[in-house]
Amino acid sequence: MVNAEIAEARAGPAVAASRSTSGQVLGRAADAGTVRPHRPARGPGLADQAREAILADHPDAAGLVTLARLLGVSPSHLSRVFHRETGLTLTRYRNRVRAGRALDRIEQGAHNLAEVAADLGFADQAHLARTVKAEFGRTSTEIRRLLDAVR
């Protein structure tokens, strides 16, 4: 039975679907290119894979399209699954990770925020400051002042 299903899958959706009347209609539609074959859902593993790529700072994790290509799914599917599983958009999650890395560098003594911003992929220092403020409620400069006061 399993071998027959594998053979049908290899033969294509038109052959597999042609075993019933409704299958014949679907088979013709698949031949015409109007019905895509069913693919199993990627489920929660996809969001985890995306998070791992972002946390590992994989070069293809910098954008939605390249990350989706890396994971072998469409950008819209990745976006929907990620938001459903995490409650955050990919951009928000990626910005949160980058802002956290910026704070780590500031805590380690980095003083040139423009350089930190460039290293972490922000457009400029102002973009870094806006993102840090959106994520943590204070700008990177304010956080640096707080850290300097503690030291």
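Asp-60 lies in the loop that joins α4 (44-55) to α5; helices (H or I, at least four residues) and strands (E, at least two) are DSSP runs, numbered from the N terminus. The model is a predicted one, in which local features need pLDDT of at least 70 and side-chain atom pairs count only at pLDDT 80 or more, while totals for chains, interfaces and linings use all residues. Residues are numbered from 1 along each chain as its sequence is written, and side-chain values use heavy atoms, with hydrogens and water left out.

With a relative accessible area of 31%, Asp-60 is partly exposed (buried means under 20% relative accessible area, exposed over 50%, partly exposed in between, with a 1.4 Å probe and protein chains only). Its neighbours within four places in sequence aside, Asp-60 is in contact (heavy atoms within 4.5 Å) with Thr-66, Leu-67 and Leu-70. The C-alpha atoms of Asp-60 and Leu-71 are 9.7 Å apart, although 11 residues separate the two along the chain.

## Helix α5

Helix α5 comprises residues 64-71, and Leu-67, Ala-68 and Leu-71 are buried in it. These residues are on the same side of α5 because they cover an arc of only 100 degrees around the axis, the arc being that of the directions from the helix axis to the C-beta atoms. Just after α5, Gly-72 adopts a positive phi of about 75 degrees.

## Packing of α7 and α10

Two packed helices are described by the angle between their axes and the distance between the axes. For helix α7 (residues 90-107) and helix α10 (residues 140-150), the angle is about 35 degrees and the axes are 10 Å apart. Axes are lines fitted to C-alpha atoms, for helices over the stretch in contact, and angles run from 0 to 180 degrees between N-to-C directions.

The contact brings Leu-103, Ile-106 and Glu-107 of α7 together with Ser-140, Ile-143, Arg-144 and Leu-147 of α10. Four of the residues in this contact are nonpolar, one is polar and two are charged (Ala, Val, Leu, Ile, Met, Phe, Trp, Tyr, Cys and Pro count as nonpolar, Asp, Glu, Lys and Arg as charged, and the others, Gly among them, as polar).

## The chain as a whole

The secondary structure consists of 10 helices and zero strands. Of the 151 residues in the chain, 32% count as buried. Among contacts with a separation of 6 or more, 49% are between residues 24 or more positions apart.
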